[in-house]
Amino acid sequence: MELVGAERYDPRDADWPCYEVTDLGTRGHMFRWEESVGWHQAVREMGKYLSRYLAEGQHAAALKSVEVVAVAFISGVPQVLWQRK
């Protein structure tokens, strides 16, 4: 898994993550876990873990300082987990 920061969020444009401005250092140091599941299930699991972190993680406030936090497979439609109101 890698984290990316995009310059904008547009719910009408599923390609908004492509407007990447940073990979937050994760491209060279990806988060890894091993599980024998397909990519759909892996995205669901990551969404579950990130949602839990957003609710109770030590640095959740840093993630919530942006406009939106989403999870997706590299070519999939992003699932928004948190959005600033």
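Author: Arg-12 is exposed, with a relative accessibility of 75% (buried is under 20% relative accessible area, exposed over 50%, and partly exposed in between, with a 1.4 Å probe and protein chains only). Its partner is Asp-10: the two side chains form a salt bridge at 3.7 Å, N to O (a side-chain nitrogen of Lys or Arg within 4 Å of a carboxyl oxygen of Asp or Glu). The model is predicted: local features require pLDDT of at least 70 and side-chain atom pairs pLDDT 80 or more, while totals for chains, interfaces and linings use all residues. Residues are numbered from 1 along each chain as its sequence is written, and side-chain values rest on heavy atoms, without hydrogens or water.

Another of them links Arg-27 with Glu-20 at 3.1 Å, N to O. Here Arg-27 is partly exposed at 39%, and Glu-20 is likewise partly exposed, at 33%.

A further bridge connects Glu-45 and Lys-48, at 3.3 Å, N to O. Both residues belong to helix H1 (residues 39-56); because they are three residues apart there, about one helical turn separates them. Helices (H or I, at least four residues) and strands (E, at least two) are DSSP runs, numbered from the N terminus. Glu-45 is buried, with a relative accessible area of 12%, whereas Lys-48 is partly exposed at 49%.

H1 also takes part in the largest pocket, which holds about 1,500 Å³ of space. A pocket is an open set of points on a 1 Å grid over the protein atoms alone, where a 1.4 Å probe fits, with protein on both sides within 12 Å along at least five of seven lines; lining residues have an atom within 4 Å of a point. Points are joined across faces, edges and corners, and the volume is the space filled by probe spheres set on them. Of the 46 lining residues, Glu-2, Leu-3, Val-4, Ala-70 and Ala-72 are the closest to the centre. Two or more residues each come from strand E1 (5-6), strand E2 (20-22), H1 and strand E3 (68-71). The largest share, seven residues, is that of H1. By type, the lining comprises 33 nonpolar, four polar and nine charged residues (nonpolar: Ala, Val, Leu, Ile, Met, Phe, Trp, Tyr, Cys and Pro; charged: Asp, Glu, Lys and Arg; polar: the others, Gly among them).
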